[in-house]
Amino acid sequence: MDTLQKTDMVAVDTAHSLGIVETQYLTFADGSEPLKLESGETLGPVTIAYETYGTLDKTRSNAILVLHALSGDAHAAGLHRDEKGPGWWDAMIGPGKPFDTDRYFIICSNVIGGCKGSTGPSSLDPKTGKPYGTDFPFITIADMVDAQRHLIDYLGIERLLCVSGGSMGGMQALQWVASYPERVRSAIPIATALKHSPQQIAFNEVIRQSIMADPAWREGHYYETGQPEKGLSVARMIGHITFMSDQSMEEKFSRKLKKGQFSFNFDADFEVEGYLRYRGANFVKRFDANSYLYITKAMDYFDLSGSRLISRSGIDTSFLVISFQSDWLYPSYQSQEIVRLLKRKLVDATYCELKSTYGHDAFLVELEGQTTLIRHFLERTYSGQRNGNGNGNHR
Amino acid sequence: METAIIDNGIRPDHQIISDMIDPGSRVLDLGCGTGDLMHLLTQQKNAWVQGIELDEQAIYECVRKGLSVCQSDIESGLSEYPDRSFDYVILNQSLQEIRKVFFLLQETLRVGNRVIVGFPNFAHINARVCLGIGGLAPMTPSLPYRWYDTPNVRFLSISDFSGFCAEKGFAVERVRYLNGQKTITFWPNLRALSAIFLLSPRKGAGR
């Protein structure tokens, strides 16, 4: 037990780092057959940016697809040569970490519609030779997963050991089960939902409106004039409010003043104002406004409620569903809806709401509980036979 | 006749429950705690087990053992399961903490073909002495709490539960009475610290 608990501790030392990693690219649908999208439109050619960590075993049975959230990218772990910070889930992926690269082959790709190397609205439209802008076709979470399926095919993987991600990454994990249940042995959807509530759609609509209200947006064709920085910055500020909790904001900022006194003008007096402005200003340097529009729309369209997640019986995908207590953007009741659906279909499921004050951000920062659950859930899945859990084929 | 259960570190109530279960069964354990019973059932009976538990730390222990468990309270954890989803539903040492007892037992017999209920006996001689002679709220090895920190809300004896089953139409297929490491048969309502009932719906009771 002692050794188990020691390995459950989060590793932050460099011995558990992947070191330097590189993004790779796969292009497909460049010939006669473009990617068919849920909207009825087509997209081609399609490039997917992806990274892999660890080694694919001989039976190709140790592959895990990690799926990123709204503004994430393929760089989930390790370091890029010219960057200081590690990938977005570096605390969870690496040697000896829950997504243990000594055992598993981890894949992470940038979603289509994104702006981090995969085809999206800022990519060149082959018809015009200019960036698509808003001529880019509407994409859905199912389309993102369909594109990932091409990558998994290309890598020669018949069945994934696990699909896992938080927030929109969790939506993709669920979509993988809905689209290709026989190709997924297990799924770990974290801080996510079967569908957006009106409140979540409302936040996304305000986010989109703030981008489109910026004159610099120019109906989405701004690539020669520069992107709508003010609109995108405000959009991201709204996002950051929804990622935190009342308590985490109190702990981080309280009512602290940047300069110790009121300025009696509209500068950022409070630290929380400064923080949001800083986050907004930084975001416009690294993210495309049109991608933000397209991806938030894809999240709003997503709906796997009813019988859409598990459409037939006999699905043997195991689930680990995780939510966080203070997450009001993706509240626990939405994860519990996933669990209820799994119970109805008698799908093997583990669910836990983890204690945290970090709000929606918890899935990236609240590591201890996730580490324990994910590590042991994966070990059991990898060892093959559901922990020696019997057949019980008495349905 | 008194039968000692082999002392191999397995809790006697767990062994009794395991003995009641057919190999390869589908089992739901309500209030599964740290998963020791579920683990035993996978080992001894090759059972397909699923747990329901509220406590976060207990869930971690279950997952460490490779078990599947959904966080929920017992009373609301059952509603989504279709009829007859499980061969057995286990309610071990939780009945005394349940408010809607009849409703819960009906629900367990809806989702399971059989239900195994284990509970502490409030009418054990020690408890009777405590209350009858000492004039104090009973404390026994199976009822170890003081009046002000007990999670129990139902105080029942073996006779109470037998009467309840007869009144409500639950068929008692088998009962085992426990006193420490031993099972007993004589005067169980006086001598047993706890009891384990194997129930099924009474035949012709609308199923």
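For the complex, the predictor reports an ipTM of 0.92 together with a pTM of 0.93. Chain B has a mean pLDDT of 93, and 94% of the residues of chain B reach 70 or more. Where pLDDT is low, the predicted coordinates should not be read in detail.

Chain A is assigned two domains: domain 1 is formed by segments 2-194 and 302-388, and domain 2 spans 201-297. Taken over C-alpha atoms, the centres of domain 1 of chain A and domain 2 of chain A are separated by 26 Å. The contact between these domains involves 23 residues from domain 1 of chain A and 17 residues from domain 2 of chain A. On the side of domain 1 of chain A that touches domain 2 of chain A, eleven residues are nonpolar, eleven are polar and one is charged.

The contact between the two chains draws 25 residues from chain A and 26 residues from chain B. On the side of chain B that touches chain A, at least two residues each are supplied by the helices α2 (36-45) and α3 (56-64) and by the strands β3 (48-53) and β4 (69-71) of chain B. Of these elements, α3(B) provides the largest share, with five residues. By class, the side of chain B that touches chain A comprises eleven nonpolar, nine polar and six charged residues.

Definitions and conventions
Residues are numbered from 1 along each chain as its sequence is written. Chains are lettered from A and ligands numbered from 1 in the order in which they are written. This is a predicted model: local features need pLDDT of at least 70, side-chain atom pairs count only at pLDDT 80 or more; totals for chains, interfaces and linings use all residues. Domain bounds come from an automatic or database domain assignment. Two residues are in contact if their C-beta atoms, placed from the backbone, lie within 7 Å. Ala, Val, Leu, Ile, Met, Phe, Trp, Tyr, Cys and Pro count as nonpolar, Asp, Glu, Lys and Arg as charged, and the others, Gly among them, as polar. Helices (H or I, at least four residues) and strands (E, at least two) are DSSP runs, numbered from the N terminus. pLDDT is the predictor's confidence in each residue, from 0 to 100.
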